[in-house]
Amino acid sequence: MTQTNRISAGGRIDRSRGLEFTFNGQRYQGFAGDTLASALLANGVDIVNRSFKYSRARGIVAAGAEEPNALVQLGARKDTQVPNVRATQQGLYNGLVARSTNGWPNVQRDVMSWVGKLGGNFMPPGFYYKTFMSPASMWMTYEKYIRMGAGLGRAPTESDPDIYDHMHHHCDVLVVGAGPAGLSAALSAARSGARVILCDEQEEMGGSLLDSRETLDDVAAVRWVEQTLTELGSMENVTLLPRTTANGYHDHNFVTLHERRTEHLADTASDAGFPGMPRARMHRVRATRVVLASGTHERPLVYANNDLPGNMVAGAVSTYIRRYGVVPGNSLVLSTSNDHAYRAALDWQEAGRKVVAIVDARANPEGDLVRQARDSGIRVITGSAVIEAKGTQRVSGARVSAVDLNHFVITGSIEDLECDTIASSGGYSPVVHLASHTGTRPQWDDKLLGFVPGEVKGLIAAGGVSGHYALEETLADGARAGRQAALDSGIESAEELALPATRKRRDGESCAIYQVPHEKKGLRVPKQFVDMQNDVTASAIELATREGFESIEHVKRYTALGFGTDQGKLGNINGMAIAARCLGRSIPEVGTTVFRPNYTPITFGAIVGRHCDELFDPKRYTALHQWHVENGAEFEDVGQWKRPWYFPHSANGKKESMHEAVARECLAVRQGVGILDASTLGKIDIQGPDAREFLGRVYTNKWAKLAPGRVRYGLMCKDDGMLMDDGTTSCLGDNHFLMTTTTGGAAGVLEWLEIWHQTEWPELQVYFNSVTDHWATMTVTGPDARKLMSEVTDIDLDREKFKFMDWKEGNVAGVPARVFRISFTGELAYEINVQANYAMQVWKTLFEHGEKYNLTPYGTETMHVLRAEKGLIIVGQDTDGSVTPEDLGMHWAIGYDKPFHWIGKRALSRPDTMRGDRKQLVGLKPKDPKVVLEEGAQIVLDPNESIPMSMMGHVTSSYYSPELDSGFALAVLKKGRERMGETVYLPMSDGKVHEAEVVSTVFIDPKGERQNV
Amino acid sequence: MSDVKEFQSRPTDTSRAESPLEWSLHEQKSLPHASNPGVILSEKPFMGQLILRGGAIVMDEAVREVMDMALPAKPLAVVSDDSGERSIQWLSPDEWLVIVPGGEEFELEQKLRQSLGQAHFSIVNVSGGQTLMSLKGSRAREVLMKSISYDVHPHAFPVGKGVSTTFAKATIIVRRTQEDGWELILRRSFADYCYRWLLDASREYGVSVTR
């Protein structure tokens, strides 16, 4: 197929570089420099989509981000699918494959079209909700088919082969938009020495200058663009970001930009010849000042059948002709409210195609461009508008009539003009989206007939977005804004920019026209579309106001005006104007809806950046990790740590199950000796003359008399009296302590200590430092622990000299170590701390000597079983933030008579924490020893009670004990300590009811003799 | 201050020591080696590292006396001695990080304690808990821009500056002790994550790792 609409010269495309692409299965050719949209138009493709709700044929309307119809599904392969790409923003590349987003099974004859045709008049706002709501249970089924037909793009079903990343920036001045205002702003700021970032969403920087008819310094405006970009590009203080859309404006001038890095080159970065390069990048910019030079979107007029392919906004027609060398039709009718749009007709005529007429809503248009059109022999019909487009698959004519805008009626007779393209312009809407993201409401300007940005601290709007449409004014406004922004950012002086000379042009006043009256009224008018992407018509807005929706926010939600990826770029102002007319109010009284980030759709990949796969979250490793891996450990996530869970043995190709491995590890500790990597426990070094006093205030128990060389277990409560952490603290010197915390609680406890010190007790002389990572910790435990230790250490291990809850220093395996006699297993235990860089050699030496004792490495699962057999709690497993030390039966660890009021003390005397029927920690022994109760299982006293049963508590920890050869559990139970020996019941979801006896929490060695040997 | 238990945690024979990046480098088998690297990473393992806490005036006097160096006078500053081997970095209003060649740290701690006498202070040896990574190359700054939100432009981050900041999803100390390179201080348990992140962020610029 030839490019029937391509003209032989002109435009910024490279005709020597042809590109092939496929759209809806059909192959086409385009040129380098095309967008997918310009290439489709060049090939005469009229229908690019079916509409969302009515399934009407739709063509390309605009040339930029505001395009409502040409949404495509991009990607040649399953894994490269990208939904909802605007064809107008997609640079063409060789081999590009795209399909219409909407139009299953195809856009030419659409299975949903009966809905639009038959149901057209019966699909008012809320149609789907009203029609498919009952029975409610069927909605899921309806929705599936409605979505398949209506279509909103399809998520890829395979994992994305590309990567995306983030980059952080700081700058003095961020300029958004590289049209005339943005370029002069950037140049002005950059020459002052400010750090400048200039971003622009299009394939090429230059904005409106790229298709301008005007000259700067008497040469084509694009020359000035090239010059300016060359200068900016050579400056060390300037970062140019083309193909980069400013998508979100957040608090304190934090702006997120989305840069297309290889998206315009090929499906994937590898296909583009840049393997490993991020396909898109999110720039996170913190700017001291922002110059918003986002320009305007032209407003189409709202006339009947204005959505037929062949209806376009006037400026887009100029853009396609002048920038891409594409005339998107043969005969044009232009309907306008202003002078500027006349360019479309002039460009069209100069391209050698026929301009049927310009239909101007003003009675006496008389600007320079109007005169030029008349001089060129173009027929200008005044005081009139196109009231309806005719045609089925493409425009075949325009119905034109004189209109009385004050009374919203047509006057006189209707003339039918033959044409295949209707361009329209109802004026220009400043692109206020970014300024509105901050929550600031845009302000209506009566003279401009548009909303301009409201005041945003740190933001200066320049050029079109602030209502400066003439090129001379736009350039000057940009230069002023750039200079001001640089000065405001703290640059000391900035010179005024010398601007290129423009040719003076006189423009006539515009008139206010949004919806065009029609000879029919109400629902009998053929559809007049306001928001094409969401299929919102003028009559739908009328209906919404009649049904009582008066707030524009309610109108929006009832009709879907400006929803989703569209964000009301073309339709919002027209919609508000229609609502205003129906409600008899002014547009500023009706106001705007809130624009939200992102300005255009952004791929999830770019939001995620590199925080995925192996970099999704930090994995923290101990110094002994390599040994664990080499010795077949299975790992468990504890917070971000990777801890060995258990070490399964393999023999004859058969690997132990977890149950088997844990049973073996448990018995090894109870009968021989085991070793645990406990390095992940939090460790805090505490120094200062008030260290001891401080401990007394943050722990519930007493610290006044703990002597150097001794260790004590402590409980830490929040101020509500609930247990928050526990661990041992050792007295290293009178003014020096080493606190241990739970693995997960380490950072929180250090913060807790700092908060109390800094805000409540700054007079206490004490310092805290995390030493978690400095020390590696290994626990050697079991009846044979002493024998093994005696082989590798110079510390005197005599039971009288090195007692339970003592610590000593010495060498272990030739490395200086602190050794603590604390036990989390109930057996004789030595906890060895060595500097982490030397941990591996100590660990390995222990195994060299441990072979004869069958030294057995064990993981967290065995640790859990062993500690539970001893009734030792794990904070966060046996407690949940609602458990006091008293509930745990730890009255012995609470120093009610300490002189200073410690954290949580007051809360422990509240009536609620003292009431007798609180849940208390108990042991549970299932009557059937083969049963291992489910953790979380609810406890009841009467298994036959009708539902809802009285829930008396629940299981917190439950395991099989190899030593007891029975299941056992810890649980919290109301009045648990009074119920020793009673039988309780645990109903399960499968209907079974387990029986268990309430017992002591200590299942093994109740007198604690084994750890004291 | 007295009644603090000093502890020499470094053995006389350090030949079998393993740095925090041992596991990562071991896992990698062969180190990345680009022909024209934009980024060059190398670990400086086994440095002596102390955290000093205390009043700035007494601490300044002590380090002048013991190290013949002054405390950094400004927040976010890092100073080095003439050899570049020893440095002191401001971490918070009463907190400094001292880095010295491995093996010097214990004697330094003892001397500082002696010099500080009965003042209220703390000195904590963290040599095993963190490691130093040098980040050099023409694209080093871009790698940092991908990793931390702090402004690393030379105007905002001159030589002699150092900050603690978030690095991807971890925390890190970043400092510029020389014109042509950066130093990162990675916490031991996060070192593998940070290293993988750095390699990933450097890939498009070409990266070499040296030991």
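Trainee: How many salt bridges are there between chain A and chain B?

Mentor: The count between chain A and chain B is eight salt bridges, a salt bridge being a side-chain nitrogen of Lys or Arg within 4 Å of a carboxyl oxygen of Asp or Glu. The model is predicted, so local features need pLDDT of at least 70 and side-chain atom pairs pLDDT 80 or more, whereas totals for chains, interfaces and linings use all residues. Residues are numbered from 1 along each chain as its sequence is written, chains are lettered from A and ligands numbered from 1 in written order, and side-chain values use heavy atoms, without hydrogens or water.

One salt bridge pairs the side chains of B:Arg187 and A:Asp773, with 3.1 Å from N to O. Across the interface, 66 residues of chain A are in contact with 62 residues of chain B (heavy atoms within 4.5 Å). The area buried between the two chains is about 5400 Å², and carbon and sulfur atoms give 54% of it; buried area is the accessible area (1.4 Å probe) lost on putting two parts together, summed over both. Of the area that chain A buries against chain B, A:His168, A:Tyr767 and A:Asn837 supply 14%, more than any other three residues.

Turning to packing within chain B, helix H2 (residues 56-67) and helix H3 (residues 105-116) pack at an angle of about 130°, their axes 9 Å apart. Helices are DSSP runs of H or I with at least four residues, and angles run from 0 to 180 degrees between N-to-C directions of axes fitted to C-alpha atoms over the stretch in contact. H2(B) and H3(B) are therefore oblique to each other, the class left once angles under 35, over 145 and from 65 to 115 degrees are set aside. Residues making the contact include B:Val58, B:Met59 and B:Ala62 of H2(B), and B:Leu108, B:Lys111 and B:Leu112 of H3(B). The contact residues divide into nine nonpolar, one polar and two charged.

In chain A, the axes of helix H12 (residues 538-546) and helix H13 (residues 552-559) come within 10 Å and cross at roughly 125°, which makes H12(A) oblique to H13(A). Here A:Ala540, A:Ile541 and A:Ala544 in H12(A) meet A:Val555, A:Tyr558 and A:Thr559 in H13(A). By class, this contact has five nonpolar, one polar and no charged residues, where Ala, Val, Leu, Ile, Met, Phe, Trp, Tyr, Cys and Pro count as nonpolar, Asp, Glu, Lys and Arg as charged, and the others, Gly among them, as polar.

Key. Helix = DSSP H or I, 4+ residues; strand = E, 2+ residues; numbered from the N terminus.
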